[in-house]
Each structure stands twice: as structure tokens, then as C-alpha cells.
Amino acid sequence: MAEKMVTLIDHPLIQHKLTLMRMKETGTKDFRELLEEIAMLMAYEITRDFPLEDIEIETPMAKCTGKRLAGKKVGVVPILRAGLGMLNGVVNMIPAARVGHVGLYRDPKTLKPVEYYCKLPSDVEERMLIVTDPMLATGGSASAALTLLKEKGAKSIILMCLVAAPEGIEVITKDHPDVPLYVAAIDDGLNEHAYIVPGLGDAGDRIFGTL
Ligand code: PRP
Ligand code: URA
């Protein structure tokens, strides 16, 4: 496993909020709000090394040199549906980001990803894409999404997940060693239905109240 490409963001605020999300009695409203808050905190960490450049400005008091972001423009790409739950948190931090969507669901029988939608910014090859999906279980959905984005021309991609199983991390680092992966938790593994244990259940259902 290419360890340096996997970053665990275990900030105390994130751990606290994630524990609340995991609790089975946490309802849809709180679950959704907590996910958005965690996504915002993760976006803050993920962008820590984004390049800056100097800019000469004038404050009401004096001329000075300020800093501004200098790297690629950002695109955020939630994997539908559950990735949508992390979108606002990231966009709150990067308001100028364009948003693409990749629609994939995991077939419950085969556990293979099924693609049903893809709409991306037209300049996708020039952007730094932040792909969001709260759950990285077998890794099949995220890996397929990353392959699709590369086929569409994406050159720089970051994958941002909330909870990951070791099995999913293995798949992503093997299939996409060029894609940095950020997670807030690495759980024990998968159960017989390929759900993450202890995990938090079905993220899409808990976000959208379709349990
Ligand atoms: C969930 C989750 C991931 C996928 C993870 O989506 O949001 O996309 O499962 O599983 P994998 O790593 O084994 O592929 P789901 O298929 O439940 O669709 P949904 O977001 O529409 O609920
Ligand atoms: N999808 C989810 O929403 N949760 C899991 O634990 C695995 C896949």
C-alpha cells in the first residue's frame, strides 16, 4: 500500500462529530449537518498545501504584500448519492469551485458499481478535482468514479471519504496510486454484505431519510 498517499484526518472535532454520526439513534437532520461540518473541516486540512502567490494590495492603512491561491482551480465531484452530503461543506470553504456529478450505485447482489450519470465542468482537465463519498467499502464505486474522471480528461484528483475499510483503501491505492486519499476514520473491515464495520450504516439512506 502506498501509505504516503493515504492521510487520516483525525482532528478531535472530526472524531467527536463522527462518533455522533455513527450512533444509530442520530436522526437525518443531525446526520446531514454533522457530515457537512466534517466535510468543511476535512476541506480545511486537504487544502493545507495548496500553493500561494504574492499579490500587492492596499489596505485602508498602507500598501502591503498579501497572499492568494495560485494553483489549479478546484472542481468538487460528489459521487451520487451519498457524496452530495459532503458537497456543501467543501464548497463553503472553496466557494469558487465548480461542481461535477458522478452517479454510481453499488449493485446489492454483485457489489459492482453501476454508472448512471456523469456531468462535469467543461475544463475538467485543468482543475484539481476533489471527489467526495462518505463511504469507502470495497472501493469499487470510488475506483470506478476515478477511472471515469480520468477517461474524461481529469489530471489531478483527490479522493475524500469519511469512513474507509482497509479493503477499500487497498483497492484505491492499487488502482489509483496517483490519487491522494483523505479519510477521517479507518474501520475494522467489511461484513458479509460488504458494509463497513462498525461504520455508520447506509450513508445515503441516513442522509436522505430513505431507510
Ligand atoms: C455507497 C457509498 C459509496 C459506496 C461504497 O453508495 O456512498 O458510493 O456505497 O461502497 P463500495 O466501496 O463497496 O463501492 P450506494 O451504492 O449505497 O449508493 P447511494 O449513495 O446512492 O446510496
Ligand atoms: N455503503 C454505505 O453506505 N455504507 C457501507 O458501510 C458500505 C457501503
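Guide: A word on classes is needed at the outset: Ala, Val, Leu, Ile, Met, Phe, Trp, Tyr, Cys and Pro count as nonpolar, Asp, Glu, Lys and Arg as charged, and the others, Gly among them, as polar. The model is a predicted one.

With these classes, the lining of the largest pocket divides into 17 nonpolar, eight polar and six charged residues. In total, 31 residues line this pocket, and those nearest its centre are Arg 106, Met 135, Ser 141, Tyr 195 and Asp 202. Two or more lining residues come from each of the elements β4 (74-80), β6, β8, α4 and α6 (203-208). The space in the largest pocket amounts to about 630 Å³.

It is in this largest pocket that ligand 1 sits. Around ligand 1 there are 14 residues, of which Arg 106, Asp 133, Thr 138, Gly 139 and Ser 141 come nearest. By class, the shell around ligand 1 holds six nonpolar, five polar and three charged residues. At least two residues of this shell are supplied by each of β6 (101-106), β8 (128-136) and α4 (140-151). The element that gives the most is β8, with three residues.

Particular contacts may now be considered. Arg 106, named among the residues nearest ligand 1 and also among those nearest the centre of the largest pocket, has a polar side-chain atom 2.7 Å from an oxygen atom of ligand 1. The backbone takes part as well: a backbone N or O atom of Ala 137 lies 2.9 Å from an oxygen atom of ligand 1, and a polar backbone atom of Ala 82 is 3.0 Å from an oxygen atom of the ligand. On its own, ligand 1 has 500 Å² of accessible area, and the protein covers 91% of that area.

In the lining of the second largest pocket, 15 residues are nonpolar, two are polar and five are charged.

To return to the ligand, the picture is of ligand 1 in the largest pocket, with Arg 106 reaching an oxygen atom of the ligand through a polar side-chain atom and with β8 giving the most residues to the shell.

Conventions. Residues numbered from 1 in each chain as written. Chains lettered and ligands numbered in written order. Predicted model: local features only at pLDDT ≥ 70, side-chain atom pairs only at ≥ 80, totals over all residues. Heavy atoms only, no water. Near = heavy atom within 4 Å. Polar contact = N/O pair within 3.5 Å; in protein donor to acceptor, adjacent residues only side chain to side chain. Areas by Shrake-Rupley, 256 points an atom, 1.4 Å probe, with all protein chains shown as cover. 1 Å grid on protein atoms, 1.4 Å probe; cavity = no way out; pocket = protein on both sides within 12 Å on 5 of 7 lines; lining within 4 Å. Sits in = over half its atoms within 2 Å of the grid points. Helix = DSSP H or I, 4+ residues; strand = E, 2+ residues; numbered from the N terminus. Points joined across faces, edges and corners; volume = space filled by probe spheres on them.
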